[in-house]
Amino acid sequence: MKDWTGILRLEAEERNGKTVAKNVYFQGAYKVMRPVYHDQSGQACYYILNPGGGYLDGDRYQMKISLKEEARLTLTTQSATKIYKTPNQPAYQETEISLKRGSFLEYITDPLIGYKDARYLQKTVVKMEQGATFLYSDIITSGWSPEGEQFSYDRLQLINEIYMDDELVVFDHIKLNPANHHMASIGYMEGYSHLGSMMVVGEQVSADLLDQLYHAVQEHHDGCKIGLSLLPVPGLIVRVLANSTQTIEKIHSLCHHIIRRELFHTTPSFLRKY
C-alpha cells in the first residue's frame, strides 16, 4: 500500500443467474458501495467512491477488476473525477481488467475534470477472452480557473490497451496538452471544450450496428462533432467534441441504449446519481 493512495480489487462471478462478488478489497482513498441490482437481469452495479474528493499532487490509484465466465457487471463512479494542481508529480491511475468468456463489463465513468495546472495519466489495460464484451465511456473537460481560461490544465493523458486472447487488438491514446499546444486549433479540440469517447468490443458488434448508431446520432449533431468507426476487431468507437457535458451524455446515452438493445436485447439502467 505504501506506493498507492488508493487500491481497489473486485472479482465477480455468476451464481444461479445473478452476478455476485467473489472477492472485494479496498484500502486508502478508494471505496466501493455494496452492489445494486437495478432490474431482474441479475447484472450487478458497483459505484466507486473517492473519499478524498479529488486527485492531488503525486496521488496514485490502482484498480483491478476480474469477471468470471458469464458474469455481468456495471462499474461506475459516484461523481466526476477532479484533478487538482499537481506542481511536483502528476496524478496517476492504473486499471487492470480481466474478462472471461461470456462476461460483460460496462465501465461508465463520470466526467474527468482537469483544473488549473493539473497533470494526470490514466492507463487502462483490458484482457479479454473470445466471447466477452467490454463497453467503456469517458468525458474530458476543463475545470474552473481564476482567470477564466478554458484549458488551464497542463496535461490529461488517457491510454487504453485491449488484448484479445493475449494479442493487442486496440490501442487508444488521448493526450491533451494545453501547456504545449493551442487546444482550439485544427487537429486538437477544434474550438470545442469537451471530448467524449465510447467504445464497445465484442464479437456481436457489426457494421450494421455502426450504421444504426450513425443514423441515430445524425439528429443530435447540432453544436457538436461526432465521429464513428469500426475497430480492427469486432468493435466500434464513438468520439464527440462538444461544449457541454450534457451534450455528450445525451449522445452517449443514445448510443448506449442502441448497443444494449442490439447486443443483449436489454436497456441500460438509470444510474441515479444526481
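**Salt bridges, burial and pockets**

Mentor: Let's begin with a count: there are eight salt bridges here. Keep in mind that this is a predicted model.

Trainee: What makes the pair R15 and E13 a salt bridge?
Mentor: The cut-off is a side-chain nitrogen of Lys or Arg within 4 Å of a carboxyl oxygen of Asp or Glu. For R15 and E13 the N to O distance is 2.7 Å, so the pair meets that rule. As background, side chains of opposite charge can pair when their charged atoms come close.

Trainee: Why is R15 called partly exposed?
Mentor: Buried means under 20% relative accessible area, exposed means over 50%, and partly exposed is in between. R15 has 43% relative accessibility, so R15 counts as partly exposed.

Trainee: And E13, is that residue buried or exposed?
Mentor: The relative accessible area of E13 is 18%, so E13 is buried.

Trainee: How do you know that R260 and E106 form a salt bridge?
Mentor: Their side chains meet at 2.8 Å, N to O, and the limit is 4 Å, so the name applies. This pair links distant parts of the chain: R260 is in helix α2 and E106 is in strand β9, 154 residues apart. Both R260 and E106 are buried.

Trainee: Where in the chain are the partners E190 and K225?
Mentor: E190 is in the loop between β14 and β15, while K225 is in strand β16, and the two are 35 residues apart. Their salt bridge has an N to O distance of 3.0 Å.

Trainee: What makes E190 partly exposed?
Mentor: E190 has a relative accessible area of 30%, so E190 is partly exposed. K225 also has a value in between, 43%, and therefore counts as partly exposed.

Trainee: Why does N16 count as exposed?
Mentor: N16 has 83% relative accessibility, so N16 counts as exposed, the cut-off being over 50%.

Trainee: Where does H265 lie, and what is its phi?
Mentor: H265 lies in the segment after α2. Its phi is near 60°, again a positive value in a residue other than glycine. H265 has a relative accessible area of 70%, so H265 is exposed.

Trainee: How do you know whether H252 is buried or exposed?
Mentor: H252 is at 6% relative accessibility, so H252 counts as buried. The place of H252 is in helix α2. Leaving aside residues up to four places away in sequence, H252 touches S137, D138, I139, G196, S197 and M198.

Trainee: Which residues lie nearest the centre of the largest pocket?
Mentor: They are I108, S253, H256, S269 and L271, out of 32 lining residues. The volume of this pocket is about 670 Å³. α2 gives the most to the lining, with eight residues. By class, the lining has 10 nonpolar, 13 polar and nine charged residues.

Trainee: What is the volume of the second largest pocket?
Mentor: That volume is about 350 Å³. The second largest pocket is lined by 26 residues, with Y55, T77, S79, A80 and T81 nearest its centre. β4, β7, β11 and β12 each give two or more residues to this lining, and β12 gives the most, with four. By class, there are 13 nonpolar, 10 polar and three charged residues in the lining.

Trainee: What makes a cavity something other than a pocket?
Mentor: A pocket is an open set of points, whereas in a cavity a 1.4 Å probe fits but cannot get out. The count comes to one cavity of 30 Å³ or more. The largest cavity has a volume of about 40 Å³, so that volume is enough for the 30 Å³ cut-off.

Trainee: Which residues line the largest cavity?
Mentor: T124, V126, F134, Y136, N160, E161 and I162 line the largest cavity. β13 gives the most to this lining, with three residues. The classes are four nonpolar, two polar and one charged.

Notes
Residues numbered from 1 in each chain as written. Predicted model: local features only at pLDDT ≥ 70, side-chain atom pairs only at ≥ 80, totals over all residues. Heavy atoms only, no water. Buried < 20%, exposed > 50% of the residue type's maximum accessible area, 1.4 Å probe, protein only. 1 Å grid on protein atoms, 1.4 Å probe; cavity = no way out; pocket = protein on both sides within 12 Å on 5 of 7 lines; lining within 4 Å. Nonpolar A, V, L, I, M, F, W, Y, C, P; charged D, E, K, R; others polar. Contact = heavy atoms within 4.5 Å.
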